[in-house]
Amino acid sequence: MASLSLGGLSVNRGGGGSSCKKSLNARNAAVERRNLITVCRFSVKTLIDRSCFETIDDSSPEFNNFAAILEQILSHRLKGQVTWFGYESPRSFWDYIRVACRKVSQNCICSIENMENVSSSRAKGRAWIRVALMEKHLSEYISTALRDFKTTRRFYEDGAIVLGEEANMLAGMLLGLNAIDFSFCLKGEGLDGNFPAVIDYTPYLKFTQSSDSISSDEEELRTLGSSGSESSTPENIGPPFIMDENSWFNKCKRVKQKYQLTLEQKGYLEELLRLRENQLAESVSQNKLLLQRIEDSDLTHKLEKEQLEYIIVELQDQLKSFQSLDQLSAEVSLSQTSLGPAHSQDGEGKQDMLNLLSEGKEDTPSLLGLCGSLTSVASYKSLTSLKSSDYLASPTTEMTSPGLTPS
């Protein structure tokens, strides 16, 4: 029983050790993720601050540190590539990027794949970071890759940064780099894929002495230097202060240069604004003239339309009157040819009525201008031919005339 109890105790101790080991691993993974994300945020801030004074290129230590941090983040818990023999060979984050970022419009994946001077997978990944920064699309690449969760799960193990909540923070903080103009050479030593990237944490470390401390930092450093060996003597205590003064002087000089550049840009923009205001005033005056011309043309067209409508109505009335005259003339001619001299008096009365109608109807200018003169009408010729004395002579008038004697 004792052995059993001891065995049980030993088993319990082993289970407790495994659970403690798991919690320790989880804690270490969480701390590692938090450290990488925090230092990445610091590196982005330092890049933005440095871009205000100078152009960011391959020689900038801030960029080299940022590239190393991003490479570490994208390589965090990256799965190896399993070969045919069951062995797992290490791979680079470029293998994941070139698969997950294919959906980005106008991506640079194919261009980097076809680069002649870049052969290794790690070098291609570093070239991709530089090209994406120059194109101002690094945040878009990362966001597109993280949205492809299936591909991300295939390339990374559990606990990776790209699979955790920190991934959204990463895509958000990289968005600020779109405001920086980068200039890189894709043939430099920075693309050498034989050496892994190393992060320099010293620019982001800051120690503040507690107010409860007895001695100052200088005294402590002097004490440590005097008690140590010759190699640990504080020979480099003085230069940092001189470097700080020089750095402040250089920073002030750069700020002054940037201020002068800003003043020149301000003068240029003011001159450009004045020119644009003059162009706008000219455009407004031309617009007013065009609007006035449009109104005048509309009024003229309206008046012409009213005149044409009046002329059309007048012509319609005259056309109706001419049609009635044609009918009357046709009736007169038919009656004179068919009834003979007995009804010539009736025909004469109708002829007189036609003459009165024709005399009462004046030729208007609109009719003469649009339809021709009245003498061109065939019916008018027939009316004038009816006025001859041959057709208007009556037997009764010949019998009663006093100048004639019966034969």
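Start by selecting α6 (138-147) and colouring Leu138, Ser139, Tyr141, Ile142, Thr144, Ala145 and Leu146, which are buried (under 20% relative accessible area with a 1.4 Å probe and protein chains only; exposed is over 50%, and partly exposed is in between). Helices here are DSSP runs of H or I with at least four residues, strands are runs of E with at least two, and both are numbered from the N terminus. Since 7 of the 10 residues of α6 are buried, the helix is largely enclosed by the rest of the structure.

Before you go on, a quick note: this is a predicted model, where local features need pLDDT of at least 70, side-chain atom pairs count only at pLDDT 80 or more, and totals for chains, interfaces and linings use all residues. Residues are numbered from 1 along each chain as its sequence is written, and side-chain values use heavy atoms, leaving out hydrogens and water.

What do the buried residues of α6 pack against? Show α2, α3, α5, α7 (149-155) and α8 to see those partners. Now click on Leu138: leaving aside neighbours within four places in sequence, Leu138 is in contact (heavy atoms within 4.5 Å) with Phe66, Leu70, Trp128, Ala132, Leu133, Leu174 and Leu177.

Next, pick out Phe66, Trp128, Leu138, Leu174 and Leu177, which touch the most other members of the largest nonpolar core, a set of 58 residues. Such a core is made of buried Ala, Val, Leu, Ile, Met, Phe, Trp, Tyr and Cys residues joined through side-chain atoms within 4.5 Å. In soluble globular proteins, nonpolar side chains tend to be buried together.

To see the contact, select Phe93, Trp94, Asp95 and Ile97 of α3 with Ser121, Lys124, Gly125, Arg126, Trp128 and Ile129 of α5.

Last stop: two loops. Go to Arg77, in the loop between α2 and β1 (81-82). Its phi is near 55°, a positive value in a residue other than glycine, and Arg77 counts as partly exposed at 33% relative accessibility. Then find Gln106 in the loop between α3 and α4. Phi of Gln106 is also positive, near 55°, and Gln106 is exposed, with a relative accessible area of 74%.
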